[in-house]
Amino acid sequence: MTWTEAVVVSHLLMTPDITVIDLAPDEGTEFPAYTAGAHFPAYTAGAHIDVQTDSGPLRQYSLCGPPENGHYRLAVLNEPGSRGGSRAMHALKVGDRLQISAPRNRFSLVTARRHLLFAGGIGITPLLAMTHQLDAEGGDYTLHYCARSRTHTAFVPELTDNPRAAFHFDDEGPAQMLDMARDLGEPQPDTAVYVCGPAGFIDHVLGKAEAMGWPPQVLHKERFSNDRAAAQRDADGSGGFTIRLASTGAECLVPGGSSVLDILLENGVDAPHSCQLGICGECVVRVLAGDPDHRDDVLTSGERAEGMFATCSSRALSATLDLDL
Ligand code: FES
């Protein structure tokens with residue numbers, strides 16, 4: 001992965017547990033001179049970057065600012081149970097430096113007449129960028145933003161005057177709570193649905209949508225975690241399977257408890273990867289032969305049918321998998 005040096009130019013505690021951080025290119029001179037005119041490459045709504053601080057683990061954050069302003073804006077929830085990435089991000093100060101990847105996007109807006117956006121808590125971040133892009137393009141959308149309470153919700157002032165945004169707070173009246181029959185309704189032609197937030201929220205929205213007859217190809221999601229893949233991998237006591245690399249013919253055993261990616265890296269293969277949670281798509285390779293056991297939460301059924309395979313989280317039902325590596 002290619003890293004770019006970035007510098008924190010704004011660090012604002014927006015709620016008791018959400019910090020909004022603006023990053024600019026690090027031009028290596030003293031603050032604030034290096035910020036003048038420095039722009040990161042543009043990105044499309046739904047994109048995320050990898051972030052590496054000195055003290056925290058590698059993490060992925062969606063870009064939520066206006067895509068054209070040249071800085072990258074992140075909103076970070078301080079999660080006490082996390083691996084330390086959010087604490088490290090909250091501890092940053094203006095002028096601190098960190099490393100970021102180029103933006104990648106597996107949660108883009110698709111071509112549709114209408115877009116229905118469902119955000120749960122900090123899942124607002126990619127969807128906020130989508131509202132910016134759709135506003136700029138004159139797109140038709142409605143944003144449903146669900147959260148615990150007004151005081152724990154980021155970007156309330158920014159969205160309050162937006163007639164296309166509806167808030168749903170757990171601690172306010174029942175009439176304003178999310179009602180999927182009302183807020184999603186029956187399938188509509190040429191309409192795309194996007195959902196981002198905690199796993200339970202995503203599962204709720206997608207489950208209701210599927211029950212109401214929305215076809216899977218118009219439902220788009222982005223997860224922040226994949227507890228199922230991690231739990232399955234940790235609990236996997238099987239005898240493992242063998243991977244065979246097309247480029248060299250080399251064979252490696254993948255024992256229970258190790259991922260294909262772990263074994264590739266251990267054997268010196270320069271295998272692409274990022275989240276290692278089955279949610280970013282960076283590690284995906286093609287399976288040339290064998291029967292994959294897909295455990296990622298990023299590939300579509302169409303991509304799986306084409307032989308795509310997430311090495312960080314998926315395994316094999318067959319004794320051997322041939323990989324296009
Ligand atoms: S590294 Fe992110 S899906 Fe595998």
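Modeller: Helices (H or I, at least four residues) and strands (E, at least two) are DSSP runs, numbered from the N terminus. Cys196, for example, belongs to strand E10, which covers residues 191–196. This is a predicted model, in which local features need pLDDT of at least 70, side-chain atom pairs count only at pLDDT 80 or more, and totals for chains, interfaces and linings use all residues. Residues are numbered from 1 along each chain as its sequence is written, and side-chain values use heavy atoms, with hydrogens and water left out.

Biologist: Is Cys196 buried or exposed?

Modeller: Buried means under 20% relative accessible area, exposed over 50%, and partly exposed in between (1.4 Å probe, protein chains only). Cys196 has a relative accessible area of 0%, so it is buried.

Biologist: And which residues is it in contact with?

Modeller: Contact means heavy atoms within 4.5 Å. Leaving aside neighbours within four places in sequence, the residues in contact with Cys196 include Phe107, Phe118, Leu127, Phe201 and Phe224.

Biologist: What about Asn162; where does it sit?

Modeller: Asn162 lies in the loop between helix H3 (156–160) and strand E9 (165–169). Its relative accessibility is 14%, so Asn162 counts as buried. Not counting residues up to four places away in sequence, Asn162 touches Asp135 and Tyr141.

Biologist: How far apart are the C-alpha atoms of Asn162 and Thr131?

Modeller: They are separated by 9.7 Å, and the two residues are 31 residues apart along the chain.

Biologist: Changing topic: why is strand E12 described as largely enclosed?

Modeller: E12 comprises residues 241–245, and four of these five are buried, so the strand is largely enclosed by the rest of the structure.

Biologist: Which strands does it pair with?

Modeller: Two strands pair if DSSP finds at least two bridges between them. E12 pairs with strand E13 (residues 251–254) in the antiparallel sense over four bridges, and with strand E18 (residues 320–323) in the parallel sense, also over four bridges. Within these pairings, Arg244 has Glu251 of E13 as its bridge partner, while Thr242 is partnered by Thr320 of E18.

Biologist: Which residue takes a positive phi in the hairpin of E12 and E13?

Modeller: Gly249 does, with a phi near 80°; five residues lie between the two strands.

Biologist: On to the domains, then. What does the assignment give?

Modeller: It gives domain 1 (4–100), domain 2 (114–222) and domain 3 (227–323); such bounds come from an automatic or database domain assignment. The C-alpha centres of domain 1 and domain 2 are 25 Å apart. Their contact takes 19 residues from domain 1 and 15 residues from domain 2.

Biologist: How much area do domain 1 and domain 2 bury between them?

Modeller: About 1,300 Å², of which 67% is on carbon and sulfur atoms. Buried area here is the accessible area (1.4 Å probe) that two parts lose on being put together, summed over both. Ala45, Ser62 and Cys64 supply 30% of the area that domain 1 buries against domain 2, more than any other three residues.

Biologist: How many salt bridges does the rule find across that interface?

Modeller: The rule finds one, where a salt bridge is a side-chain nitrogen of Lys or Arg within 4 Å of a carboxyl oxygen of Asp or Glu.

Biologist: Which residue forms a salt bridge with Asp17?

Modeller: Arg148 does, with the closest N and O atoms 3.3 Å apart.
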